[in-house]
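Hello,

Here is the structure I promised to pass on. Below it you will find my notes on what turned up when I went through it.

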Amino acid sequence: MEQYQLHPVEATQTYVTVILPIAVPKPYTYAVPEKLISQVKMGIRVEVQFGKNKLYTGLIIEVHQNAPESYRPKSIISIIDEEPIIQDIQLKFWKWISSYYCCTLGEVMNAALPANLKLTSETLITLAPLFNYDFTDLNDKEYLIAEALSIQNELPIEEVRKILDQKTVYPVIKSLLDKKIIYIKEDLKEKFKAKKVHCLRLQEPYLSSPDLLEEAFEKLNRSNRQVEALMAFLQLEKQSDYVRRQDVCKKANVDTSVIKAMVKKGIVEVYEREVSRLGQYEEETIDAHDLANQQKTAIHEIDQAFKTKEVVLLHGVTGSGKTRVYMEYIRQALKRGEQVLYLLPEIALTTQLINRLQKIFGNEIAVYHSRLNNNERVELWNEVLEGKPLIMGARSALFLPFQKLNLVIIDEEHDPSYKQRDPNPRYNGRDTAIFLARLHGAKTIIGTATPSIESYFNAKKGKYGLVEMKDRFGGIQMPEIIIADLKADFKERGKQGQFSSTLIDSMAEVLQNQEQIILFQNRRGYAPVYRCSTCGWHGECRHCDVSLTYHKGFQALKCHYCGYQAKLPEECPACGSRELKLQGMGTEKIEDEVKIYFPDAKVGRMDFDTVKSKNAHAKIIHDFEEGRIDILVGTQMVTKGLDFENVALVGVISADQILQFPDFRAAERGFQLMTQVSGRSGRKKRRGKVIIQAIKNDDPTIREVRDHDYFSLFQREINERQTFQYPPFYRLIRITLKHKKTDILNQAGYIYGKYLQQHLGNWVKGPAVPYISRIRSYYLLDFLVKLERNPKKIDFAKKTIMDAQFHLHKTEGYSGVRVSVDVDPY
């Protein structure tokens, strides 16, 4: 590869501190050439060299006159933006995340910015799928790149430098991206297709000479429908820059055959137009329904709480009408010209809610989540920068450049999906959103039917306001919850599949009444274990310390951690026996057994395997809403805030499996999952029924779910956690060391642990081999730092943890050991 030597730094007294989208410990300082001094400002992107010959898009966070003492700064190569893409308040937010969650600013920047705003010298570009090879609007440099891409499918940015014979190419790349001539290659991994609509325009001579339209009407005088279509077109043309064919058809009440006839007569022509990928809401908006008394009371209590508190916990039972309360606060904020962030734990929740909110707020709402491609993300980023009023999204929406944020709503605040697992920053979306709101001076409503123990504790202690909605909307009773004793049932009639007689009888009755059923099993696949009855061998992943799950749809064994697949062996690889059996059950097996018991029922399944494509989850939800599915089998996706008015029965296939998990939050999570899925039953018409199957049916958590008794769960959990020093009384930081060789890992654990214990003493627990000891070929060792809720002690512990990492990596032979730090593991 050609080596680029930068020119010596020009005499200058202006420097910039730049964040790079990589995990370097601190921002880097660059000199500003005299000719660029007038253009530099905080928040704009610049092209810089880092290392020997790697070039990155960096972000200026400070302009100053302080030359670094320890190294001679390089010059920035070029300026990419005219205006800042982030504001000072975002930078404060990034710095807090970096400090609180023990990661670098570069890692936060990498998570926050869409990929199109983070070009590097290794980035690949390609021609846009709809580019029509019209080079007329391109300057010489843009033309050279477009022509090269028409010959080669893709080019790395390093190659672009050679074609233009210059290092400064990012401004040219940005211009081509803005003109939609090129795309970043990774965009096309998601099979991006620009959204196109069929539009109409007048043909010549009518286009350039509107006075000739009378002649056009004469041509159509034998067809009243064509005349009406032309009149509709002319009316719509005055209201918009373009006229969609479907709008003309709708307004004139005609079909496309009428338009085709007008095209043949030379009156109009049909063309395709690319429209915003974010889409527009096309229907008329409606008013939200009137507030019920309980909702009015909740709003009054929230208003009172907001006088002294920044955060209010809205604890409302499932189906109590919390969303209507959110709508009222959104309406008030939008009326004042402010922005609202509405957070949801997962994309599966957004389909129903977005439809519901669009009917009220129309195009004032936009949705941001991880399944948007990079072009969509940049488009939405810019809309928020320009003041888009209402943003609904998963945790990544926190990083958008809000200008007038006044209200943050965190729905289903208890959900573990708010926690980012890998890579850094490992932030909790709920806690981070509360801090973001505080930065903006905004209020926060956190809502759920099953609060996290920490949030309810904060509310009871007076840190948060607490408002409760204890009744279901419309006077509907809470569902009747029946505990089916699997042990007694199997003893009485022998084990016949996964269903108790209670559940089967109830399902038959519901189907007879033409109502719907949800079955919850929190494990995907067909069976989690494939075992030899003779010698005990079972299918294991080559790269992870886990059993392979049998997936009937793929006819293969799959690892749910690394994706490894293996064919189903016909005989035991260890002893040669053919006595191989599937053990356990997943959603595929439940789906199969349902079809055996109820062959005439239409059965659907919603889990990770069935919702991989961008709109698959929306299709399943829509089919269930429209009655095209009678029985929906699913994992925890079916527990989250979905609202189906015809569901009369919910079945929890195995409560034991949910509760028997080695985690101090197992009872809390089990209560939340079972209560949330129970809440899908009987929401609109009449009281629903829930059947929870369990072998150990005397478990206190199951009783609390049956009795809708959150407070007893809270009291029991809070007493245990105080006794055993867990949150909310103590803070946890989990550190995981990873390496492919166990001997190096064990020695690294000794070195790292010794350093921690010297400085933190008995705050440190471990090292210990975790429940799953190897993932993706990396062996794991865990440490747990457990300390009191004392800010100075917590800050000292975090600094020591980062120092220990530095100490380990500078020790010869251990620089390759990966260290991941998880603050507040959840």
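In helix H8 (residues 245–252), the residues Val 248, Cys 249 and Ala 252 are buried. Before going on, a word on the basis: this is a predicted model, where local features need pLDDT of at least 70, side-chain atom pairs count only at pLDDT 80 or more, and totals for chains, interfaces and linings use all residues. Residues are numbered from 1 along each chain as its sequence is written, and side-chain values use heavy atoms, with hydrogens and water left out.

Buried means under 20% relative accessible area, exposed over 50%, and partly exposed in between (1.4 Å probe, protein chains only). Helices (H or I, at least four residues) and strands (E, at least two) are DSSP runs, numbered from the N terminus.

Seen down the axis of H8, its buried residues fall within an arc of 100°, so they line one face of the helix; the arc is that of the directions from the helix axis to the C-beta atoms. Their cover includes strand S9 (196–202), helix H7 (224–237), strand S10 (243–244) and helix H9 (256–264), where contact means heavy atoms within 4.5 Å. Just after H8, Asn 253 takes a positive phi of about 60°.

**Cysteines**

The structure holds zero disulfides (pairs of cysteine sulfur atoms within 2.5 Å). For Cys 103, the nearest cysteine sulfur is that of Cys 102, 7.8 Å away. Cys 103 is buried, with a relative accessible area of 9%.

**Aromatic rings**

A search of the whole structure finds 24 aromatic pairs. Rings of Phe, Tyr and Trp (its six-membered ring) pair if their centres lie within 6.5 Å; planes under 30 degrees apart count as stacked, over 60 as edge-to-face and the rest as tilted. Phe 457 and Phe 729 are edge-to-face because their planes stand at 70°, with the centres 5.2 Å apart. This pair links distant parts of the chain, 272 residues apart: Phe 457 is in helix H15 (residues 453–460), and Phe 729 is in the loop between helix H23 (710–724) and strand S30 (730–739). Phe 457 is buried, at 15%.

Phe 664 and Tyr 726 are stacked, at 4.4 Å centre to centre and 20° between the planes. Both count as partly exposed, Phe 664 at 24% and Tyr 726 at 23%. There is also an aromatic cluster made up of Tyr 456, Phe 671, Tyr 710, Phe 711 and Phe 714.

Which residue lies over the face of Tyr 826 at 4.8 Å from the ring centre? That is Arg 669, and Arg 430 lies over the face of Tyr 826 too, at 5.5 Å. The test is that NZ of Lys or CZ of Arg is within 6 Å of the ring centre and within 35 degrees of the ring normal.

**Salt bridges**

The structure holds 36 salt bridges (a side-chain nitrogen of Lys or Arg within 4 Å of a carboxyl oxygen of Asp or Glu). Glu 328 and Arg 324 form one of these, at 3.2 Å, N to O. The two are four residues apart in helix H11 (residues 322–335), about one helical turn, and both are buried. Elsewhere, Arg 578 is bridged to Glu 571 at 4.0 Å; Arg 578 is exposed at 57%, whereas Glu 571 is partly exposed at 40%.

Best wishes
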